[in-house]
Amino acid sequence: MEHTKTRQSQSVSTAAWGAWLAIVLGALLCVFAYSRGLAAQPGFTFLLVVVGTALVTGGVCVLVLYQRILKALGGMAAVIVESASGAGDLSRDIVGGGNAQLEAIAKDYNIFLAKLRKLIGQIRAKTIGIASESVQLKQFLTEASAGAEKQESLVHEISVACAGVSGVP
């Protein structure tokens with residue numbers, strides 16, 4: 001799991017760095033185009049400004065998506081990884097993700113966890129019931145064993161008494 005976390009954080013940080021790089025390159029292209037002046041080659045300058053603006057806009061969009069989606073997914077993933085870990089902490093619900101789709105995923109996961117908690121509670125209750133009935137059964141068997149030993153003792157006494165009356169040793 002640690003390897004998965006590392007790979008996810010590397011891809012997220014790569015996306016953020018790529019967005020910042022696009023913004024910087026776009027800004028540099030716009031500054032370069034502006035410094036060359038519109039009179040030298042207006043078509044080329046216009047193209048550089050358009051490409052630079054597109055890079056800046058794309059970089060900003062990636063950063064916004066990073067903030068809104070990837071961070072929410074990272075929070076969800078952390079809760080899921082914690083649930084799947086060796087301790088299996090199922091007490092934490094996922095908090096809504098910030099947009100409708102992520103909130104729907106969080107809601108469905110939380111419903112799944114609630115059903116799983118209910119099932120575990122039912123299993124726990126049945127296990128306690130079985131343990132309690134096992135204790136009662138042991139107590140009944142102990143009493144039955146004591147009663148059987150008492151009957152054996154009484155049968156032996158009757159056998160000895162009958163032997164004494166009939167004179168058979």
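1. Helices (H or I, at least four residues) and strands (E, at least two) are DSSP runs, numbered from the N terminus. The model is a predicted one, in which local features need pLDDT of at least 70 and side-chain atom pairs count only at pLDDT 80 or more, while totals for chains, interfaces and linings use all residues. Residue numbers start from 1 along each chain as its sequence is written, and side-chain values rest on heavy atoms, with hydrogens and water left out.

2. Overall make-up. The protein chain contains three helices and zero strands. Along the sequence this gives the pattern α-α-α.

3. Surface. Accessible areas come from the Shrake-Rupley method with a 1.4 Å probe, and for residues only the protein chains shown count as cover. The protein chain exposes about 12,500 Å², and carbon and sulfur atoms supply 69% of that area. A residue is called buried under 20% relative accessible area, exposed over 50%, and partly exposed in between (1.4 Å probe, protein chains only). Of the 169 residues in the protein chain, 14% are buried.

4. Contacts. Two residues are in contact when heavy atoms lie within 4.5 Å. Among contacts in the protein chain with a separation of 6 or more, 57% join residues 24 or more positions apart.

5. The core. A nonpolar core is a set of buried Ala, Val, Leu, Ile, Met, Phe, Trp, Tyr and Cys residues joined through side-chain atoms within 4.5 Å. The largest one here has eight residues: Ala72, Met76, Val79, Ile94, Leu102, Ala106, Tyr109 and Leu113. Two or more of these residues come from each of helix 2 (42-84) and helix 3 (100-166). Helix 3 gives the most, with four residues.

6. Asn110. Not counting residues up to four places away in sequence, Asn110 touches Asp93 and Ile94.

7. First salt bridge. A salt bridge is a side-chain nitrogen of Lys or Arg within 4 Å of a carboxyl oxygen of Asp or Glu. How many does the structure hold? There are two salt bridges. One joins Glu82 and Arg92, whose closest N and O atoms are 2.6 Å apart. Glu82 lies in helix 2 and Arg92 in the loop between helix 2 and helix 3, so the pair ties together parts that are ten residues apart in sequence. Both partners count as partly exposed: Glu82 has 27% relative accessibility, and Arg92 has 38%.

8. The side chains of Asp93 and Arg117 form a salt bridge, at 2.7 Å from N to O. This pair links distant parts of the chain, since Asp93 is in the loop between helix 2 and helix 3 and Arg117 is in helix 3, 24 residues apart. Asp93 is partly exposed at a relative accessible area of 39%, and Arg117 is partly exposed at 29% relative accessibility. Asp93 is also one of the residues that Asn110 touches.

9. Ala114. Ala114 sits in helix 3 and is partly exposed, with 39% relative accessibility. Ala114 and Ser91 are 23 residues apart in sequence, and their C-alpha atoms are 9.2 Å apart in space.
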